[in-house]
Amino acid sequence: MKKVINVKKARRLLAVLLTLAMAVTLAACSSNTPANDPPASPENSGDVTPSGPDTPPAEDGFALPDAPSKPVLIQFAGGASGGTFFLIANAVAQVLNTNYSDYVSCSTQATSGSVEILNLLENSEVDFGWSQSGMAAQAVAGTAPFDAPHNNISSVVYGYPNVCHVIVTKDSGIESVADLAGKTFSVGGLGSAAELNMREICSVYGLDYLEGKAFRAENASDNDFPDMISNRQIDGGFSAAAIGAGAVVNCMTTGNCKLVSLSDEAIAELCALNPAYFEYTIEAGTYANQDYDVKTVAVANYIYCRSDLDDTTVQAFLDCIFQNTEELAIAHSAIENITPETAVSGLTVPLHPGAEAYFKANGIIE
């Protein structure tokens, strides 16, 4: 069985042409076959049309290779249970197992985040996984927090912007990251990409929370720090996640918390320190009780795979995402950021050959 990618615009146009042709045929008692227009280019199409056994191949479409003799067992690593990485990984696994069962059998694994996932990929302990793009570049280069260059990591597709949220209680007296001095604040899971982001943010403010300096740092995950804030155990917490992340929503809904902006100088220093960062504004009204813009930074999140994974499995994985965007977005709206236009945004690690072939065949890259 072969699956074919095709854009919606082309199918709608084809349907109109077929309808017109039938009308002409009935009126003139003669046959008329409309010509197929080429699929819309990535510049003017936002998503792709799901295909199935009954979808005819398009002249310019990409057909997956024949399925293997038996499904390939794959594991997709997400982050902490309940986080964006994990929710999307679970959703993709479900669609793969339902619609692509001839190709793969997919399970998921919870992890502490990017650093652990990249190490798992390098050691072929998982097949796909999420990571911040800047962290993946550090893994390939073998720079801290990695001990040696990672050679078994390839990019699959851009996911969504990982936005840095600094959340504090309204009565904490914290108006700036500089005000964290002397407070108790959750900086993210130990060794996670979020924790390393917070460490860099603190560095441009001249703060060093390691070994109890500057402020008392707690290593709580997004699952845990909102309850710690509610229980008055900490003055705030840091989340590097998609807009609408549950931890941030939970904190802001109470009405007792606020988001803190980074200064223009801090943003400029962060972008110079690590080119993976880019300026990002959380617009007023994004969260409950937020009637102000929040200036911060973000970094691209990517799905990666082990480099020695076969091309067909990678292409089936991509086909699943691009042809089922609406269904996957039910699990988390961040999936809507994955479009032909954004497929290779913020690329820091070379594409897997299977992904490159898939994107070229569909006109996404040259």
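Thr169 has Cys257 as its bridge partner in E11. Helices (H or I, at least four residues) and strands (E, at least two) are DSSP runs, numbered from the N terminus. The model is predicted, so to speak of a local feature requires pLDDT of at least 70 and side-chain atom pairs count only at pLDDT 80 or more, while totals for chains, interfaces and linings use all residues. Residues are numbered from 1 along each chain as its sequence is written, and side-chain values use heavy atoms, with hydrogens and water left out.

The bridge at Thr169 belongs to the pairing of E7 with strand E11 (residues 257–259), which is antiparallel and runs over 3 bridges; two strands pair if DSSP finds at least two bridges between them. E7 also pairs with strand E10 (residues 236–241), again in the antiparallel sense, over 6 bridges. In that pairing, Val166 sits opposite Phe238 of E10. A further antiparallel partner of E7 is E13, with 9 bridges, and here Val157 faces Ile303. E7 is also well covered: 17 of its 17 residues are buried, so the strand is largely enclosed by the rest of the structure. Buried means under 20% relative accessible area, exposed over 50%, and partly exposed in between (1.4 Å probe, protein chains only).

Of the aromatic pairs, the structure holds 13. Rings of Phe, Tyr and Trp (its six-membered ring) pair if their centres lie within 6.5 Å; planes under 30 degrees apart count as stacked, over 60 as edge-to-face and the rest as tilted. Tyr158 and Tyr302 make an edge-to-face pair, because their ring centres are 6.0 Å apart and their planes stand at 80°. Tyr158 lies in strand E7 (residues 153–169) and Tyr302 in strand E13 (residues 294–306), so this pair ties together parts that are 144 residues apart in sequence. Both Tyr158 and Tyr302 are buried. Another aromatic pair, Tyr209 with Phe215, is tilted, at 5.4 Å centre to centre and 45° between the planes. Tyr209 counts as buried at 5% relative accessibility, and Phe215 is buried as well, with a relative accessible area of 2%. Elsewhere, Phe76, Phe128 and Phe317 come together as one aromatic cluster.

Back on E7, Ser154 is one of the residues of the strand. Ser154 is buried, at 7% relative accessible area, and its side chain makes a polar contact with the side chain of Ser307 at 2.7 Å. A polar contact is a pair of N or O atoms within 3.5 Å; within protein, one must be able to donate a hydrogen and the other to accept it, and residues adjacent in sequence count only if both atoms are side-chain atoms. Leaving aside residues up to four places away in sequence, Ser154 touches Tyr304, Cys305, Ser307, Val349, Pro350, Leu351 and His352, where contact means heavy atoms within 4.5 Å.

Ala300 and Thr348 are 48 residues apart in sequence, with their C-alpha atoms 9.6 Å apart in space. Thr84 is found in helix H2 and, at 8% relative accessibility, counts as buried.

Some backbone details come from the loops. Ala144 and Pro145 are joined by a cis peptide bond, with omega about 15°; Pro145 sits in the loop between helix H4 (133–141) and E7. Arg232 has phi near 65°, a positive value in a residue other than glycine. Arg232 belongs to the loop between helix H6 (225–230) and E10 and, at 55% relative accessibility, counts as exposed. Asn289 likewise is a residue other than glycine with a positive phi, near 60°. Asn289 lies in the loop between strand E12 (277–282) and E13 and is partly exposed, with a relative accessible area of 43%.
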